[in-house]
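The sequence and model are shown below.

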Amino acid sequence: MSAPTTQAPAPVDAAPEHTGTRGATLVQRLVVVRELGILAALLLLVVVTVIANPRFLSGQNVRDLLLSASILTVLAAGQTIVIITRNVDLSVGSVLGLSAYASGTLLVNAPGTPVVLVVLAGMAVGALCGVLNGAIVAVAKVPSLVVTLGTLYAFRGLDSLWASTSDRLQINAADLPAGFKALGGGRLLGIPVLFLIALAVVLLVGYHLRNYRSGRELYGIGSDPDAARLSGIPVGRRVFAAFAVNGALAGLAGVLYAARFQTLDATAGTGQELLVVAAAVVGGVAIFGGSGSVYGAALGALLLTTIGAALPQLGLNPFWREAAVGGLILAAIVLDRTLSLRLARRLRGRNLRGS
């Protein structure tokens with residue numbers, strides 16, 4: 001990550017610098033409105049659920065909710081970086097599973113390994129997967145949807161092959177050291193440690209995207225890759241780095257998954273990739289790139305997790321969660337398109353008045 005410039009333009013969570021101050025201000029306002037809307041929807045869902053079941057906000061239920069949202073939040077933070085550049089990574093669920101199994105295998109073979117080294121090892125596995133994705137997308141110019149759909153199955157197959165050839169199809173809680181298992185259930189001031197880790201990830205990613213030139217350039221790439229290239233932005237390197245960082249965060253999520261569930265096999269993380277993309281899109285990250293924030297993606301992850309926890313409390317079948325998620329994705333895409341058209345009209349009107 002490059003150091004922040006001394007005279008950086010006013011940072012925004014969308015739109016590149018070349019769109020102008022007026023456009024950046026308007027987009028920033030739209031992002032804030034989107035995030036406030038997500039927060040309002042989350043609060044409304046909580047209120048309705050509490051009316052149906054006052055125990056929904058008990059201390060243990062809140063801790064369980066935060067714990068459930070932690071892994072999805074970390075994945076959504078990494079996915080946000082990629083989607084902003086007008087790409088997508090569908091392999092994160094498989095990367096999570098591979099990293100989780102790698103972390104568990106390391107602890108089984110070397111039980112005395114410090115937790116910090118286990119975390120770094122898991123992130124390294126994820127980063128290698130991200131580097132592979134990034135190299136094919138940025139260097140070979142293959143669409144990210146095609147690349148990551150292929151690596152989704154490739155990484156999952158590698159995980160299955162590793163598990164089958166190691167004569168250990170499943171790693172159980174009894175095989176893991178107590179120090180590592182304590183990470184999954186640990187609390188600090190009553191707050192789950194895993195959620196605090198996820199919060200730290202969101203804050204770090206958000207700070208980088210907002211305050212560092214290399215972070216702001218990602219928005220420029222997503223808004224218009226050709227214009228970004230002509231303005232001197234190293235598009236290939238930035239996209240490559242975005243996939244690498246996303247892979248490292250998926251690896252971190254794999255370690256957190258292992259610490260929380262403590263029973264690992266080759267199916268860990270299956271299906272997570274679509275939920276991660278949904279969290280980012282529902283959180284206001286434009287699927288076409290160029291706008292959104294990691295804070296909105298984190299709220300999206302918390303909203304989707306809350307929906308899953310609230311449906312049984314409301315007497316609804318949990319399978320309605322998929323329908324709700326699908327509806328939210330469609331609503332987010334329609335809203336994003338509507339806001340984009342409105343922004344374009346406002347900018348054209350201001351330019352005509354200014355001329």
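Where is S70 found? S70 lies in helix α2 (residues 59–84); helices are DSSP runs of H or I with at least four residues, numbered from the N terminus.

## Basis of the model

This is a predicted model, in which local features need pLDDT of at least 70, side-chain atom pairs count only at pLDDT 80 or more, and totals for chains, interfaces and linings use all residues. Residues are numbered from 1 along each chain as its sequence is written, and side-chain values use heavy atoms, with hydrogens and water left out.

S70 is buried, at 0% relative accessible area (buried is under 20%, exposed over 50%, partly exposed in between, with a 1.4 Å probe and protein chains only). Leaving aside residues up to four places away in sequence, S70 touches L194, F195 and A198; contact means heavy atoms within 4.5 Å.

S214 belongs to helix α8 (residues 213–223) and is buried, with a relative accessible area of 7%.

## Aromatic pairs

The structure holds 3 aromatic pairs (ring centres of Phe, Tyr or the six-membered ring of Trp within 6.5 Å; planes under 30 degrees apart are stacked, over 60 edge-to-face, the rest tilted). One of them, Y207 with Y212, is edge-to-face, at 6.0 Å centre to centre and 70° between the planes. Y207 is partly exposed at 45% relative accessible area, while Y212 is buried at 18%.

Y257 and F261 form a tilted pair, 4.6 Å centre to centre with 45° between the planes. Because they are 4 residues apart in helix α10 (residues 235–261), about one helical turn separates Y257 and F261.

Methods: Helix = DSSP H or I, 4+ residues; strand = E, 2+ residues; numbered from the N terminus.
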